[in-house]
Amino acid sequence: MTTLHEPVVTTTPADLSVWPASTTEPRPGDLAVGGVPLAEVADRFGTPVYVLDEDEVRERCRTYRHAFPDAEVLYAAKAFLCRAMVHWTEEEGLGLDVCSAGELELAVTTGFPPERIVLHGNAKSPRDLETALRLGVGRIVIDSPSEIARLAAAVGPDGHQKVMVRVVPGISAGGHEKIRTGTDDQKFGLSIADGYAQHAIARILDQPQLELTGLHCHLGSQITSVKPYLAAVRRMVGLMARLHEQHGLVLPELDLGGGHGIAYRPGEEALDLTALARKVRAELTEACATAGLPVPRLIIEPGRAIVGPAGIAVYRVLAVKKTGDHTFVAVDGGMSDNPRPALYGVRYAPRLVGRTSGAATAPVTVVGRHCEAGDILAADVELPSDVRPGDLLAVPVAGAYHLSMASGYNLVGRPPVTAVRDGHARLLVRRESLEDIRRRDVGL
């Protein structure tokens, strides 16, 4: 473990605008996060390695609590989950949004109160539902008509379970077509437009063991504008007004999901959280007043916006190759630990760390080690022209959807996760070993 005492070199804000707030440059070219040099983390834990700034995670949790003091803030566990992350979010007063029995059991066995957990999923398995009921999950979000009868039967005639209904509001928002979930042409939720949402709600009301507490919607991911959320408020309150007219129903909760956009590279736009909170609160109050309804308690589900900017991925350069006009810098990771560039075309801003370079920068493409032409981590980025094998590259904004989407491709093993804070680094999730892989392979 290391505590820094060297003087800190000042860097321009633009240089580190997408890095954790604790990022410093104790020596030229040698970035430190949470008081720990990234080069030291790489030497101690090997590469690739994920580095998570605990204070950045906690501060982002607090920012949400302060921006939405009257709302219930649920951390979306799908972005990244481990026992430490469960502990941090619980200590900072957030609830949890989980999508599987695995996420749920990890949270509860770590000590997270199950009544503060919401279970999602467009196709929940019998194990998902059984685990949720056994552990006493707070709410289950119903996503399809068939789930109503399955859940009611699992609860039993003498049981009780709070539920919500995921509604498709018919709003297109998000940074890529594959992460837009608020329209009628995708797999999530029940549509307002064709009446399926209203029909499902009527069926739930006929099940006395199911208590409908509210409506849920999720518009997509990487949304950087407040306007789609305001449109969602209006449509959801409109549906709540119709339900009140038809059934005398007054729902106490409205969940607007998450999808709050963050910047992956300097200069990119991010969602203004303060503006979102202020405008959503005003829109919800006005819409409910017009409809003659009490204002429901708001629920939001940030995931990426809490953990994404707190994470860094550190790789070691294995090869530098010039092919025609292109320079390829190959590292010891790739699409097995970050499939997002291949899936969504996400662009990152990697940086040389661990040494200083006086060379001019040149455009390069940072690629992974896997047997796919699409295994590209960062295309056409500027790096020092003397980048060479053995160098370290650090990729900021790597806390969300990296390890959680990591695969076993080429059996290279998933990287470890380390946490840094106050000059100390510790291991949260160890590296997946060849022995781990062998133990799962039980047949001949």
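**Figure 1. Charges and overall build of the chain.** The mean positions of the 47 positive and 54 negative charges lie 2 Å apart. Lys and Arg count as positive, Asp and Glu as negative, while His and the chain ends are not counted. Each charge is placed at NZ of Lys, CZ of Arg, CG of Asp or CD of Glu. The model is predicted: local features need pLDDT of at least 70, side-chain atom pairs count only at pLDDT 80 or more, and totals for chains, interfaces and linings use all residues. Residues are numbered from 1 along each chain as its sequence is written, and side-chain values use heavy atoms, with hydrogens and water left out.

The chain holds twelve helices and 21 strands. Helices (H or I, at least four residues) and strands (E, at least two) are DSSP runs, numbered from the N terminus. Along its principal axes, the C-alpha trace spans about 70 × 55 × 45 Å.

Figure 2. Of the 444 residues, 55% count as buried. Buried means under 20% relative accessible area, exposed means over 50%, and partly exposed lies in between (1.4 Å probe, protein chains only). The chain exposes about 18900 Å², and carbon and sulfur atoms supply 52% of this area. Accessible areas come from the Shrake-Rupley method with a 1.4 Å probe; for residues, only the protein chains shown count as cover. Take the contacts between residues at least 6 apart in sequence: 68% of them join residues at least 24 apart. A contact means heavy atoms within 4.5 Å.

Figure 3. Helix 8 has 21 residues, which at 1.5 Å a residue should span 30 Å; its end C-alpha atoms are 30 Å apart, so the two values agree. The expected span is 1.5 Å times one less than the number of residues. Buried residues of helix 8 include P228, Y229, L230, M236 and L243. The buried residues pack against strand 9 (161–168), helix 7 (196–205), strand 11, strand 12 and helix 9. G248 follows helix 8 and has a positive phi, near 65°.

**Figure 4. Helix 9 and its cover.** Helix 9 runs over residues 273–291. Its 19 residues should span 27 Å, and its end C-alpha atoms are 27 Å apart, which agrees. The buried residues are L273, A275, L276, A277, V280, E283, L284, A287 and C288. Their cover includes helix 2 (54–67), helix 8 (227–247), strand 12 (253–255) and strand 13 (297–300).

**Figure 5. E56 in helix 2.** E56 is found in helix 2. This residue counts as buried, at 11% relative accessibility. Leaving aside residues up to four places away in sequence, E56 touches P20, A21, P309 and A310.

Figure 6. T224 sits in the loop between strand 11 (210–216) and helix 8. At 25% relative accessibility, T224 counts as partly exposed. Residues up to four places away in sequence are not counted here: T224 touches G261, E269, A270 and L271. Y264 is 40 residues from T224 along the chain, and their C-alpha atoms are separated by 12 Å.

**Figure 7. Two loop prolines, P48 and P339.** P48 is found in the loop between helix 1 (38–45) and strand 4 (49–53). A cis peptide bond joins T47 to P48, with omega about -10°. P339 is found in the loop between strand 15 (326–331) and helix 11 (340–344). P339 counts as buried, at 11% relative accessibility.

Figure 8. D380 lies in strand 18 (residues 376–384). Phi of D380 is positive, near 55°, in a residue other than glycine. D380 is exposed, with a relative accessible area of 53%. N410 is placed in the loop between strand 19 (392–396) and strand 20 (417–421). N410 is not a glycine, yet its phi is positive, about 65°. At 36% relative accessibility, N410 counts as partly exposed.
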